[in-house]
Amino acid sequence: SHPKDITDEVLYTIAKYKNICNYIHLPVQSGNDRVLKLMNRTYDSAWYKERVESIYRIIPDCAISTDIITGFCSETEAEHQDTLEMIRFAKYTLGYTFFYSERPGTLAAKKYTDDIPLDVKKRRLAEVIVIQREISFEHNQEDIGKTFEILIDGISKKSDDDFKGRNSQNKVIIFPKQEGLAIGDYVHVKVIGLTSATLIGEVI
């Protein structure tokens, strides 16, 4: 989705209907207003933060993921820090993160010089990843002891004895197979542990 599409009407609709997941992908790309304008994103950081606040107000247990690009043309260190601050503010459960690479034919390639050294782009990306992993881990820790309705969507990559499934926040939970259960079923699973990126549970 584009952030402009996440209106209050959409949020109240998500909150009203149980069959709509409490998960929103809200790409920010950058936390700095000047860079957002260069990217032609059509919003500023204050407007974006208001959307994040509205999501958490209307759907308190909603999970938000995002896209972030580091090292966009002419991005300064201070502007990069604005992106790190946005990650801390929004408390994303998941981030799809990349460093900028020029693509021929795009508006950015035509208008701007790709002037950020590759090592700087990669260092900034690494800083984004570290902060996002810490926040994602904190989200997962908060889920220990909670019970979720899970849609079983496959077999665990690490063990054929375990199912994997997703809850309404699009989080993956691994749990032991039980007789009578199959891919496509819904089941209630209690979270009893976690790895760096995955929740571990047991069928209730």
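How many nonpolar, polar and charged residues does the lining of the largest pocket have? The lining has six nonpolar, 11 polar and three charged residues. Here Ala, Val, Leu, Ile, Met, Phe, Trp, Tyr, Cys and Pro count as nonpolar, Asp, Glu, Lys and Arg as charged, and the others, Gly among them, as polar.

The model is predicted: local features need pLDDT of at least 70, side-chain atom pairs count only at pLDDT 80 or more, and totals for chains, interfaces and linings use all residues. Residues are numbered from 1 along each chain as its sequence is written, and side-chain values use heavy atoms, with hydrogens and water left out.

The protein has six helices and eight strands. Both are DSSP runs, numbered from the N terminus: helices are H or I with at least four residues, strands E with at least two. From the N terminus on, the order is α-β-α-α-β-α-β-α-α-β-β-β-β-β. Along the principal axes, the C-alpha atoms fill a box of roughly 60 × 40 × 30 Å. Of the 204 residues, 42% count as buried. Buried means under 20% relative accessible area, exposed over 50%, and partly exposed in between, with a 1.4 Å probe and protein chains only. Among contacts (heavy atoms within 4.5 Å) between residues at least 6 apart in sequence, 65% join residues at least 24 apart.

The largest pocket holds about 510 Å³ of space. A pocket is an open set of points on a 1 Å grid over the protein atoms alone, where a 1.4 Å probe fits, with protein on both sides within 12 Å along at least five of seven lines; lining residues have an atom within 4 Å of a point. Grid points are joined across faces, edges and corners, and the volume is the space filled by probe spheres set on the points. The pocket is lined by 20 residues, and Thr93, Leu94, Ser136, Asn140 and Ala197 are the closest to its centre. β3 and α6 each supply at least two lining residues. The largest share, six residues, comes from α6.

Asn140 belongs to this helix, α6 (residues 118-143). Asn140 is buried, at 7% relative accessible area. Leaving aside residues up to four places away in sequence, Asn140 touches Lys171, Leu194, Ser196, Ala197, Thr198 and Leu199.

The structure holds five aromatic pairs. The ring centres of Phe72 and Tyr100 lie 4.9 Å apart with planes at 70°, so this pair is edge-to-face. Rings of Phe, Tyr and Trp (its six-membered ring) pair if their centres lie within 6.5 Å; planes under 30 degrees apart count as stacked, over 60 as edge-to-face and the rest as tilted. Phe72 lies in the loop between β2 (63-70) and α4 (77-90), and Tyr100 in the loop between β3 (94-99) and α5 (107-111), so the pair ties together parts 28 residues apart in sequence. Phe72 is buried at 5% relative accessibility, and Tyr100 is buried at 7%. Tyr43, Trp47 and Tyr48 form one aromatic cluster.

Charges also sit over rings (NZ of Lys or CZ of Arg within 6 Å of the ring centre and within 35 degrees of the ring normal). Lys49 lies over the face of Phe89, 5.1 Å from the ring centre. The charged end of Lys177 is 5.7 Å from the centre of the Phe163 ring, over which it sits.

Most residues other than glycine have a negative phi. Gln29 has a positive phi, near 70°. Gln29 lies in the loop between β1 (23-25) and α2 (33-38) and is buried, at 13% relative accessibility. Lys91 has a positive phi of about 50°. Lys91 lies in the loop between α4 and β3 and is partly exposed, at 45%.
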